[in-house]
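Here is a short briefing on one structure. Sequence and coordinates come next, then the notes.

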Amino acid sequence: MTFLPRSRSELSQLLLLAALSLAAPLLLPTDPPAESLKPIAFDQERYDKAARKHPHVALIGNSMLNTRLDKPLLNDLAQPNSLAYIAEGGTRSTVWYFKFKNFAVPLSPPPQLVFLFYRDYDFTAPWLHLEGERLDTARTFMKPEDEPLLEFSRNLGGVTPPTVLDAYLPDETTRKLRSRLNDLAIDTAAFGRGHTGDTELQAQLNNLFDFQNLRSDVFDAGATANDILPTDSKLFTVDPAKNLLEKFNTLAKAHHIRLVFYRVKRRPNEHNEVLQDPELRAYTAAFRTWAESQGHLLLDESEDPRLTLSMYHDGDHLGKAAMADYTHLFFQRVQAILPLPPTPPQTTP
């Protein structure tokens, strides 16, 4: 067994950082600075990109959009409709509201149709994915006036405050600590591996934990957080004290925008079916009734037999090879509601 040499200075830095992490709770104030004091980092470049398209349609979501739609293909199919994609992996309904409010509504003119890609109970769990790095991502879609709404959503879910290390250690310091701990993990993994070097061992570990080698129940594309919600979050409601659905509705109506709540098909079983308990079916039915009563739509692809297990890659994500086929299916499902009639495909005589 051979370890690649680590310099004495590297070892000293690791020990110092590790000691600091253990001592920090004793040395630093018990109440870290409020996260709300962090500056907003609004992504103006992303907004400008959407604005240049003058979109008739905006599509908002996370990886449930990004791993399904072949965007250049859909752009061609939907012509003369112009499309804007406002999607970021890992985001959930609170951030989707920020995307809607700050990236779609301000466009001149606003899009006539906005798709919101979601899974099951996303809209009645607005606190999901509002911590750590995901909180930093959320801030790129926010304006300063959105801080109270962010805190509202986080408080609903009892989101824990940042750790002392997160609050007080500079970002560069925490990155170095993570790097040193990664090196230590590599050395630990080297036991019993003979003369395998760092690069080769890291490659082996990366391959071991690659998406395609993980069971869907291990790497679930963020599905578990949705599936283990408290019971009252699985009861459909538009109570503004519990979620943001009425805010979506009010803002959409004020700007003459039609919303399409687009429920994607979760990873099916070997029979290409997604099992749904009566609770979820009742929730979706109530959601649809409310959406239609407000002039919006809920489209649900969950029981589409054309979406087969072979199209999925990891968890609820589709594989790249399936994206073109999926995009054609999606277009067939939505073409009748697009603001402008799509141009018929050219036929060769």
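Arg-306 is partly exposed, with a relative accessible area of 41%; Asp-304 is buried, at 8%. Buried means under 20% relative accessible area, exposed over 50%, partly exposed in between (1.4 Å probe, protein chains only). The two side chains meet in a salt bridge (2.9 Å, N to O).

This is a predicted model: local features need pLDDT of at least 70, side-chain atom pairs count only at pLDDT 80 or more, and totals for chains, interfaces and linings use all residues. Residues are numbered from 1 along each chain as its sequence is written, and side-chain values use heavy atoms, without hydrogens and water.

**Salt bridges**
- The structure holds 18 salt bridges (a side-chain nitrogen of Lys or Arg within 4 Å of a carboxyl oxygen of Asp or Glu).
- Arg-266 pairs with Asp-316, with the closest N and O atoms 2.7 Å apart.
- Both Arg-266 and Asp-316 are buried.
- Shared partners join Arg-119, Asp-120, Arg-263, Arg-266, Asp-300 and Asp-316 into one salt-bridge network.

**Sheet**
- Strand 1 (residues 57-61) and strand 2 pair over five bridges; pairing requires at least two DSSP bridges.
- Val-57 has Leu-83 in strand 2 as its bridge partner.

Note on methods. Helices (H or I, at least four residues) and strands (E, at least two) are DSSP runs, numbered from the N terminus.
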